[in-house]
Amino acid sequence: MRHQSVLLRECIRYLELDPAGVYVDGTLGMGGHAEAILEHLPQGRLIGIDRDGQALEYAAGRLARFGRRATLVRGNFGDLGKILDELGIGKVNGMLFDLGVSSPQLDDKERGFSYMQDAPLDMRMDEQSPLTAREVLNTWSEAELRSIFWRYGEERYAGRIAEAVTAAREEAPIETTGQFVEIIRRTMPAAALREKQHPAKRCFQAVRIAVNDELGALERMLDTAPDRLVTGGRMLVISFHSLEDRMVKEAIRKRENGCTCPPEFPVCTCGFVKTLRSVTRKPVIPDGEELAENPRARSARLRIAERV
Ligand SMILES: C[S@@+](CC[C@H](N)C(=O)[O-])C[C@H]1O[C@@H](n2cnc3c(N)ncnc32)[C@H](O)[C@@H]1O
Ligand SMILES: [Zn+2]
């Protein structure tokens, strides 16, 4: 198993690690970022969270040499507040969230994330979660499917594909990633099939986001994380598609500008207090060297906010 950590040097630089601080890695994965963070924390501590049991197991081995300075938790970063409460931790010195799927998740055929390999339709990051891609494609209504293909995949042919999926499952349940790819291929116009992007890429992203409630988790995290940072503490979020990046950007902007209530309101009802400051004007993106080495880094955008 291998996963090249995206924007690793940049993350370490922007976290401005306090050698005795407490940090959260909310998307532990293979533990690449976590390991680099721990190497800079001779007296500090790292809380590593992932919802994927396999990832956690792998990271535990990789981080074993740090002993009790690494605390690993199986959970959803959307529950960050609860996770920190349970550990008896109030505020932390910094946080990192490296969103999206890890290479082992993509490469392990059996997990059904990839449109390149035929496998059972699964796509769960948390192997214990009840909702699978199979369930979504075979039980969600045509309208719901159209909506996720359109909103989460920005798929132009969302309507046609949703229709084709519901027609196909009338015949027999859709069981494999290969069958889903075939339905998409059959439905898209020939010109669209010749585009550079794989024709199934957008719908696979959409189903994955739905299966894992990725935007819901991100929203809950963005709502709670700023209040768990000490003054001067930083929150770093790496996103891999525009939907996520827009949510992160908006969440920071709202907390940077503060209250948006009309001036005649006697009290604030919007609840946006000035809690964050954007550290860089633009998102940080990988340099040419990293892009040459790691194609997965291509769409990565790192946003950094500091608690004020
Ligand atoms: C891109 S990988 C992280 C790679 C890691 N930074 C490294 O260097 O090895 C993203 C990880 O986040 C996990 N993940 C995604 N959404 C999550 C959520 N809401 N809660 C917890 N973990 C999540 C996935 O299971 C995956 O292992
Ligand atoms: Zn207000």
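**View 1. Domain 1 and domain 2 of the predicted model.** The C-alpha centres of domain 1 and domain 2 are 31 Å apart in this predicted model. The domain assignment places residues 8-104 and 214-307 in domain 1, while domain 2 covers residues 130-211.

**View 2. The surroundings of ligand 1.** Ligand 1 is surrounded by 21 residues. Ser5, Thr27, Gly29, Gly32 and Ala217 are the closest of these. Helix H2 (32-39) and strand E2 (45-50) are the elements that contribute two or more residues to the shell. Sorted by class, the shell around ligand 1 consists of 11 polar, six nonpolar and four charged residues.

**View 3. Packing of helix H12 on helix H13.** Helix H12 spans residues 214-224 and helix H13 spans residues 242-257. Their axes are 11 Å apart and form an angle of about 15°, which makes H12 roughly parallel to H13. The crossing of H12 and H13 is right-handed. On the H12 side, the contact is made by Leu215, Leu218, Glu219 and Leu222; on the H13 side, Leu243, Glu244, Met247, Val248 and Ala251 take part. Seven residues of the contact between H12 and H13 are nonpolar and two are charged, with no polar residue.

**View 4. Crossing of helix H7 and helix H11.** Helix H7 (residues 142-153) and helix H11 (residues 201-211) have axes that come within 8 Å and cross at roughly 100°. The two helices, H7 and H11, are therefore roughly perpendicular to each other. From H7, the residues Ile148, Phe149, Tyr152 and Gly153 meet H11. Their partners in H11 are Arg202, Cys203, Gln205, Ala206, Val207, Ile209 and Ala210. The contact of H7 with H11 comprises eight nonpolar, two polar and one charged residues.

**View 5. Packing of helix H7 on helix H8.** The axes of H7 and helix H8 (residues 158-171) are 8 Å apart, at an angle of about 140°. At that angle H7 is oblique to H8. H7 and H8 form a right-handed crossing. H7 supplies Glu142, Leu145, Arg146, Phe149 and Trp150 to the contact, and H8 supplies Ala158, Gly159, Ile161, Ala162, Glu163, Val165 and Thr166. By class, seven residues in the contact of H7 with H8 are nonpolar, two are polar and three are charged.

How values were computed
Residues are numbered from 1 along each chain as its sequence is written. Chains are lettered from A and ligands numbered from 1 in the order in which they are written. This is a predicted model: local features need pLDDT of at least 70, side-chain atom pairs count only at pLDDT 80 or more; totals for chains, interfaces and linings use all residues. Axes are lines fitted to C-alpha atoms, for helices over the stretch in contact, and angles run from 0 to 180 degrees between N-to-C directions. Helices (H or I, at least four residues) and strands (E, at least two) are DSSP runs, numbered from the N terminus. Angles under 35 degrees count as roughly parallel, over 145 as roughly antiparallel, 65 to 115 as roughly perpendicular and the rest as oblique. A crossing is left-handed if the near helix is turned anticlockwise from the far one by less than a right angle, and right-handed if clockwise. Two residues are in contact if their C-beta atoms, placed from the backbone, lie within 7 Å. Ala, Val, Leu, Ile, Met, Phe, Trp, Tyr, Cys and Pro count as nonpolar, Asp, Glu, Lys and Arg as charged, and the others, Gly among them, as polar. Domain bounds come from an automatic or database domain assignment. A residue is near a molecule or strand if its C-beta atom, placed from the backbone, lies within 6 Å of it.
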